[in-house]
Amino acid sequence: MSAAIKVGLVGARGYTGAELIRLFAAHPRFELAFVTSRELDGQRVADHNAGFAGGLRYSSPDYRDLPGLGADAVVLALPNGKAAHIVQQFDDAGADPVIVDLSADYRFDDAWYYGLPELTRARYAGQLRISNPGCYATAMQLVIAPMLDALAGPVQCFGVSGYSGAGTTPSDKNNVELLRDNLMPYALAGHVHEREVSRHLAHPVEFMPHVAPHFRGLTITANLHLSRSFVLDEVLARYRDRYGGEPLLRVQDEAPWVSRIAGRHHVEIGGFTLSDDGRRLVAVATEDNLLKGAATQALQNLNMAFGLDEFLGIPL
């Protein structure tokens with residue numbers, strides 16, 4: 001039997017941390033070496049995560065001590081702006097575990113591999129520093145990419161996410177009372193995912209995010225102006241040829257429903273509609289923001305980093 005690969009999880013109290021714990025608990029090769037949370041320090045991980053076995057407890061080590069905890073890989077599931085200090089501890093200690101950062105901190109750093117495997121796996125060459133894409137940014141790039149060479153002008157994306165995307169820290173965007181019977185717009189220009197997608201596709205994208213009363217799952221409606229006229233069969237062929245061999249991408253005729261993607265590990269793209277002149281395409285993408293938008297994608301990246309099957313441990 002192959003030796004277990006030890007993984008440390010920093011910032012495990014949030015929704016994505018809980019999803020990562022579930023994925024690692026069922027993975028045949030990865031094993032949690034430590035799980036940090038200041039709020040849950042000393043409590044058993046199993047008491048907060050159904051299906052997790054063993055006596056591992058949450059801990060709250062000084063960040064300077066993390067390099068000495070013996071992990072082969074470290075996943076940072078922290079808010080934006082918190083990763084650099086931790087990464088510096090590993091650099092100062094001369095430690096070289098694989099580090100996967102789920103925040104936006106390194107998504108604009110060319111020294112880090114940007115891990116959206118369906119679009120970037122060919123650029124993975126053993127890098128130890130991996131930046132996990134944003135949830136909205138994942139869906140937007142996947143729905144735009146097959147038409148990238150035929151775009152004319154910026155792409156407009158209208159996004160709606162469940163309130164789990166706002167994290168566990170109380171705010172208007174995860175206040176169930178404020179969200180009831182409501183759709184809350186925010187950051188309507190210059191959102192970090194707008195900048196992220198525009199950078200990695202090398203094409204301008206205009207993104208308008210909203211929060212809805214449901215807990216998990218997001219939907220993107222993308223409006224693409226095209227440089228020439230297309231017919232629908234040609235559009236469908238582009239998407240099916242691009243994603244036909246991708247286990248976590250499903251192309252369908254009808255527009256996907258966000259309620260049907262909750263708890264699933266894949267992205268659904270559909271609802272393809274052309275204007276009468278064939279020069280404007282509207283398409284819809286849905287994903288679970290906590291899974292393919294975060295935890296599942298991190299697992300894909302970890303699998304690749306250790307030479308495993310990219311989809312090992314991901315329920316397909």
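**Rings, cores and a buried arginine**

Tyr113 and Tyr124 are both buried. This is a predicted model, and a search through the whole of it turns up eight aromatic pairs. Here's a quick tour of some of those rings, the nonpolar cores and one arginine.

**Aromatic pairs**
- Tyr113 and Tyr124 pair up edge-to-face, at 5.0 Å centre to centre and with 70 degrees between the planes.
- Tyr113 sits in strand β6 and Tyr124 in the loop between α3 (117–120) and β7 (129–131), so their pairing ties together parts 11 residues apart in sequence.
- Tyr239 and Phe272 make a tilted pair, with 4.7 Å between centres and 50 degrees between planes.
- Tyr239 is buried at 0% relative accessible area, and Phe272 is buried at 8%.
- Tyr15, Tyr163 and Phe215 are joined into a cluster by ring pairs.

**Charges over rings**
- Arg260 puts its charged end over the ring of Trp257, 3.8 Å from the centre.
- Lys173 lies over the face of Tyr186, 5.1 Å from the ring centre.

**Nonpolar cores**
- The largest nonpolar core has 37 residues, and Met147 and Ile220 are among those with the most contacts inside it.
- Helix α4 gives the most to this core, eight residues.
- Another core, of 34 residues, lies apart from it and includes Leu32 and Phe52.

**Arg107**
- Arg107 is in the loop between β5 (98–101) and β6 (113–114), and counts as buried because its relative accessibility is 5%.
- Its side chain makes a polar contact with the side chain of Glu196, at 3.2 Å.

Terms used: Residues are numbered from 1 along each chain as its sequence is written. This is a predicted model: local features need pLDDT of at least 70, side-chain atom pairs count only at pLDDT 80 or more; totals for chains, interfaces and linings use all residues. Side-chain values use heavy atoms; hydrogens and water are left out. Helices (H or I, at least four residues) and strands (E, at least two) are DSSP runs, numbered from the N terminus. Buried means under 20% relative accessible area, exposed over 50%, partly exposed in between (1.4 Å probe, protein chains only). A polar contact is a pair of N or O atoms within 3.5 Å; within protein, one must be able to donate a hydrogen and the other to accept it, and residues adjacent in sequence count only if both atoms are side-chain atoms. A nonpolar core is a set of buried Ala, Val, Leu, Ile, Met, Phe, Trp, Tyr and Cys residues joined through side-chain atoms within 4.5 Å. Rings of Phe, Tyr and Trp (its six-membered ring) pair if their centres lie within 6.5 Å; planes under 30 degrees apart count as stacked, over 60 as edge-to-face and the rest as tilted. A charge sits over a ring if NZ of Lys or CZ of Arg is within 6 Å of the ring centre and within 35 degrees of the ring normal.
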